[in-house]
Amino acid sequence: YQSTYWPGETLGDHLEFDALDLTASPLALARLEPWVGRELSFEGWLSGQARFSGTLTDVVTSGRVTLVPTGYGGAPTSAEFSGAIHRGANPGATGFEARLDPLNYELLRVLVPDVPLDGTGTLAFEVTGRADDGLQFVAKASHVGDSLATSGAQVSGAFWRTEAGEWSADVEGDLRPFSLAILRGVWPDLELTGELTGTVRGVGRLRDLQISAELDAAGGEVVVDGVMDLRRPGSFYRFDANAESVPLDRFSARLPQRSVWSGRLEASGRGVRIESMDAAATLFASQSRVGGLHIDTVTAYLRASAGILIVDSLEAILGGVEVSGQGRLGMAAPLDGEARLRFSTDSLGGLRPLLLGDTVIAKDTLSALEWTSLEFDGVDVEALPDTADVRMRGSAQGTIRLVGSVDALVVDLDMEVRGAVYGHNRVDSASVTLTANELPEITGDWGVLLDAFGVEYQGRSFERAHLEADMTRREGSAVLDVV
């Protein structure tokens, strides 16, 4: 028996299927729009087979279909499924199982436009129950990005509809692991890498779901508490994230080695992409570092709107240098702005790790036992410096003017130095002016103007020194006058 039904025809009050087999070989998705009652948000082709038994409100189905989208990378998504689906006033499912293998993750942009994902993976889930009583589910997902970084997660829990018609959830997920490379499309300039593992839980109404997470970050720890609208991810969020000894260089290729972060970030707003973000944040940090620069404390009040980063207030102590400032900068070119920083220190010694590392052993400070112990460990103690060779002191103050966007900065620095000593070299006073563009890259134009007085360098003394230097694309010239 064969029957053909066209949308808009009347079939009566009851329509029942008995092992009805449908084959698509292939079928343009646009042909399905009259059946689903709305315009689909993407185009493509569907092929495969499915069997239906039951009624339009309670149907048992099974099959395997493949979707090939137009765009979204063009990678296919295949789904194998079986179980009962219930429609009507109390929708749900009974023993419904599905496995998508492969799954084209770029298709998720249809649901979450602000989070562009790439790569492929798998998704398997089981669901049973009714909306009013609770839909119980288990889902397992894997993802392999274009960088070949692999992520995995398992989520289980329940969704239910309240008497007021709102949807609520109680779900818990395990990250096994979560690769940050999956977010490179959101923040490409960060060159994200590395993996997080841990648990995430969401409880409450979907429109203001309470989120909590405890994550292991390459030996560091991240604890997150917050709220988000799960109905439209990115449309609203508020969170408080605490980090302890997180090795940031393991998660961003843009950061130098030995970059560690401990602190707290409070943020609220909407949007995750630069051009759509409208958010405010408060940042606290202590006992952190970026490479050889120690971050003693940082307190910053920040906002982001229409692609502009607004620094309402910044107070920090970096390597013993007090820094303060405010202003606004573009979050990506061609958006731009201007910000100003002021800095001062009575002791340049806090910056010594930038030049000499964290541990400096001066042989004239060693006891006889320490001397012997180092020699036993194979250290050439005689080659170690004396205290006078590694001393560093002096005071400095100045201003920094930043113009442009965080990925294409123009920097103007003016600095005054007094009583600077580095090893056996010293300067009674000096003024420095530096200009550079296209930062943080170092391929732009640089200019340095230095006037120094009372100079001792490599055992020679000078009354005055004047330096002018220019560099473009890492090639330049310098003129030095000394008296």
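A: The following account begins with the salt bridges and then moves to the other features.

The model is predicted, and it holds 26 salt bridges. One of these joins D21 and R51, with the closest N and O atoms 2.6 Å apart. Because D21 belongs to strand 1 (residues 16–28) and R51 to strand 2, this pair ties together parts that are 30 residues apart in sequence. D21 is partly exposed, with a relative accessible area of 44%, and R51 is likewise partly exposed, at 39%.

Another salt bridge is formed by R254 and E441, whose closest N and O atoms are 3.8 Å apart. This pair links distant parts of the chain, 187 residues apart: R254 is in the loop between strand 13 (237–247) and strand 14 (260–270), and E441 is in the loop between strand 22 and strand 23. The relative accessible area is 37% for R254, which is partly exposed, and 41% for E441, which is also partly exposed.

A further pair consists of D312 and R303, with 2.8 Å between the closest N and O atoms. D312 is partly exposed at 39% relative accessible area, and R303 counts as partly exposed at 35%.

The peptide bond from L439 to P440 is cis, with omega near 15 degrees. A cis peptide bond also joins A333 and P334, where omega is about 10 degrees; P334 is found in the loop between strand 18 (321–330) and strand 19 (337–345).

Two residues other than glycine have positive phi values. For E191, phi is about 50 degrees; this residue is in the loop between strand 9 (167–179) and strand 10 (195–205) and is partly exposed, with a relative accessible area of 36%. For R474, phi is near 70 degrees. R474 occupies the loop between strand 24 (460–472) and strand 25 (475–482), and at 56% relative accessibility it counts as exposed.

A polar atom of the S151 side chain lies 2.7 Å from the backbone nitrogen of S179. Beyond its sequence neighbours up to four places away, S151 touches A141, S142, H143, P177, F178 and S179. T55, found in strand 2 (residues 44–55), is buried with a relative accessible area of 15%, and its side chain makes a polar contact with that of T57 at 3.2 Å.

As for the nonpolar residues, the largest core has 57 members, of which V222, I400 and L402 touch the most other members. Leaving aside residues up to four places away in sequence, L402 touches L329, G337, E338, A339, L341, L409, V410 and V411. A second, separate core has 11 residues, including V417, V427, A452 and F462.

On the surface, L354, L355 and Y422 form a nonpolar patch with about 290 Å² of accessible area together. Y422 lies in strand 21 (residues 408–422) and is partly exposed, with a relative accessible area of 34%.

Conventions: Residues are numbered from 1 along each chain as its sequence is written. This is a predicted model: local features need pLDDT of at least 70, side-chain atom pairs count only at pLDDT 80 or more; totals for chains, interfaces and linings use all residues. Side-chain values use heavy atoms; hydrogens and water are left out. A nonpolar core is a set of buried Ala, Val, Leu, Ile, Met, Phe, Trp, Tyr and Cys residues joined through side-chain atoms within 4.5 Å. Buried means under 20% relative accessible area, exposed over 50%, partly exposed in between (1.4 Å probe, protein chains only). Contact means heavy atoms within 4.5 Å. A polar contact is a pair of N or O atoms within 3.5 Å; within protein, one must be able to donate a hydrogen and the other to accept it, and residues adjacent in sequence count only if both atoms are side-chain atoms. Helices (H or I, at least four residues) and strands (E, at least two) are DSSP runs, numbered from the N terminus. Patches are made of residues with over 30% relative accessible area and no salt bridge: like charges are joined within 9 Å, nonpolar side chains (Val, Leu, Ile, Met, Phe, Trp, Tyr) within 5 Å. Accessible areas come from the Shrake-Rupley method with a 1.4 Å probe; for residues, only the protein chains shown count as cover. A salt bridge is a side-chain nitrogen of Lys or Arg within 4 Å of a carboxyl oxygen of Asp or Glu.
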